[in-house]
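Colleague: Before I use these labels, I would like to hear what stands behind them.

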Amino acid sequence: MDEKICNYDIQKLEECIKNGRFVCREPNVHGLNCIARRQVCDMIKDCPDGSDESNCDDCIFTQCSPNVCIPDHWTLNCSIINQERRNEPDDKLSLNNTIITESKLQNLNELKTICSLNYNESNEMHNKLKYNQDWAPKCIYIKDRHGAHIGCSDFSHLSNCSMFKCPEGFSKCWESYCIPDSFIHDGVKDCPHGEDEEEHIVTNGQHFACYLSSKKLHPIYICDGKPQCPRGDDELNCQVLHCPFGFICLDGTVSVNDTNTLLNLSSFSTNTTFLDISGIDVSRTENFLNIQHLKKLLVFIVSRCRIDDNTQIIADNNVIYHLDVSYNNLSKFSYSDFISNFLNLFFLNVSHNTDLHFIPRFYFRRFEKLTYLDLSFSKISQINLKYNQEMKYLYFLETNLRNIDLSENARYRIIDLRNTRVSDTTKENFFNNISVRDKVLADYKLCCSYFRGEKLLAHQCEAEEETLSTCEDLIGHSLKRVFLWIVAICAILGNMISLGYRILFERATLHLTYVLFVTCLGVSDLLMGTYLVIIASVDVVYRNIYIIYETSWKQSTLCQIAGTLATMSSETSTFFILLITLERFLTIRFPFGEYKISKLGKYVLISLAWCLGFLLSVIPTLYEENSLYSTNGMCLGFPLRKSSGTAWIYSVTIFLFLNSFLFIVIAIGQFLIFMTISQHSSKFKTECQNSARRADNITVALKLSVVVLSNFICWFPVCVMGIRTVVSDYEVTSETYSWIIALVLPINSALNPILYTLPRMYKLWTEFRQRKSSVA
């Protein structure tokens, strides 16, 4: 026992006690053994004799179940992440067989992220926090002694890491966080997609074999400045050239620092494995790029380089597995283009080549290893990937894609078919012949069981919720269906009764300007009622089978007619409300007729309103491929969702900006009318002559103002909502959008006859009964 006591280093013992560390009873062979307090009673024996786990009656950490203790940092909620700097309690930290020394920790000090708890830090919690000494490095994936990751329990410290640069001793997961170099090929998948355990590429069928070792390295780790072989022979005979001006060179990686730099590829090191020349105009080099000497090049990024169909890239090697030619000017693929030089591709990004419209049928057959393909934001209409059995990720967002042939043997992870035309040509059980492991992003039609089939599960198909329709019905919600019928019937009957009443009983007043304008407003509202009856009737016809006939309905002539009627009604109603406001203002402001709309003028204005409304409603039908009325089952073109294309721009211009301008003018006109009435009310009381006529004009103005204001209240907020959607990131929810289309916009057509005709009819009926009773 006395010899054991002598084995203790008194100076180290005092230092351990001073720092509050736990001293093991039995020193190890290297001398004194003391451990951090947080390692005591954590269900893991750290001392040689296990003394750190003896006499443990209560857990000092979070207790999940009886006799099971876990470290505090496993349970932290990191919805709020604060950047702090903390002193490390240990001289070095052991991370799952990877030793990060104090010097490396100092380099990581700026990256440390401390998780914040969701509760108030009381004294009790402060006592608990003193055991929580684990720091969570931002974008660094490491593990503790327990096999759990160090960091936030919700992994928020590993998000937004695509642009993060890994420190020394760490490797980058694809567009994600960093992992220690020792985690690569260790039998455990630590990267999000497990790429740290995959051999992405084989060079001439072999990897680099380390000297006197069974370890083989991927070519990307050769001459990268980091010895991977036990004897460091992977870094021998590595020629290092001067980095050309305007570029940043580091460990075989070359990226652009100044896009105005004249490109000279021959000046790059032959050991370059990653080359990014994005932003450099290749037309300055006569559309010619020669990378033959870059035998080890694996990743080649030439985004935004003004590459077109005439660009030539000379590359005799088949090593490159990652090619990015996005945001360029390609219009077609051919069997002899420069992309055909890279038959070893795993990753190909050709997105945002907005003129790309043609790909030969068997073009991708030669790319047997291709796993990732992005053709988003192009004009391609068909593609054949039937022979690409290794394909996993497909992106066709915002394309004209109609026909797509997929491999039955591939196991797809993600297929993005949003805003394509695949749903227009697809057949029943579209996904039954392919295998999807993760999910499909598509328009809602493809996610309906009729087209999805039984093989693709419902939760695997993600689609933006349709505004009004469902897979079964045009009007999916029964309450909306009832409201639509009520508004349609009221609009039809109310306006027919109103027009009939004026023609039969008040024909003598039809020559008056405001009566003509109000009558035309009734005709306009009748058109909206007709549109609503068409939509409601189609919903009845296609009940429970709507999705099967959705495409044929949206492209039908009846849908185009319905959309034309709705647009014509909304626009002419706005025009006539503006004319009513103008006529009432002139009548009130100039009661003696100094300024008024002439007899010829009123007919000219009425003709212009109808002609302009008809023209604005017909123009969208001229774009047959992108008809505004074919974008949804309601055949409406009102834009409350962000989109693109000529039809959408036209819709925004007319429905939002033009109508908003007209309603602002209407609001100003109504304000001037009320100001005029209030200013001249005293004069009207003192003047006997024409006082009755003026009172009638004021009464008419007030009644019509109710009509105008009701239209303004319904339409103007919707216009403002639409403008916010266009100019900002504001999004209208699907529920709000559906109620606006089904109820808010057409409801004025039902209210207008009630507001300006029924009161008049009721007044005349009351006067008739009074005369009858007086005669009796």
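Predicted model: local features only at pLDDT ≥ 70, side-chain atom pairs only at ≥ 80, totals over all residues.

Colleague: Why is Leu672 called partly exposed?

Modeller: Its relative accessible area is 37%. Buried means under 20% and exposed means over 50%, so Leu672 falls in between and is partly exposed. Leu672 is found in helix H12, residues 646–686.

Colleague: What makes Leu672 part of a nonpolar patch on the surface?

Modeller: A patch residue needs over 30% relative accessible area, and Leu672 has 37%, so that condition is met. The patch consists of Ile664, Ile668, Phe671, Leu672 and Met675, with about 450 Å² of accessible area together.

Colleague: How do you know that strand S26 pairs with strand S24, residues 393–395?

Modeller: Pairing takes at least two bridges, and S24 and S26 have 3, so they pair, in the parallel sense. Leu394 stands opposite Ile415 in S26.

Colleague: And what makes S26 and S27 a pair?

Modeller: They share 5 bridges, against the required at least two, so they also count as paired, again in the parallel sense. S27 spans residues 435–441, and in it Leu441 is the bridge partner of Asp416.

Colleague: Why is S26 described as mostly covered?

Modeller: Of its 6 residues, 411–416, 5 are buried, which means under 20% relative accessible area for each of those.

Colleague: How do you know where a "transmembrane region" lies?

Modeller: That comes from the unreviewed UniProt entry, whose annotation covers several spans, including 482–505 and 512–538. In the model, residues 482–505 are 100% helix, with end C-alpha atoms 34 Å apart. Residues 512–538 are 96% helix, with end C-alpha atoms 40 Å apart.

Terms used
Residues numbered from 1 in each chain as written. Heavy atoms only, no water. Buried < 20%, exposed > 50% of the residue type's maximum accessible area, 1.4 Å probe, protein only. Helix = DSSP H or I, 4+ residues; strand = E, 2+ residues; numbered from the N terminus. UniProt positions renumbered as here; feature names shortened; annotations may be inferred. Patch = residues over 30% accessible without salt bridge, like charges linked within 9 Å, V, L, I, M, F, W, Y side chains within 5 Å. Areas by Shrake-Rupley, 256 points an atom, 1.4 Å probe, with all protein chains shown as cover. Salt bridge = Lys/Arg side-chain N within 4 Å of Asp/Glu carboxyl O.
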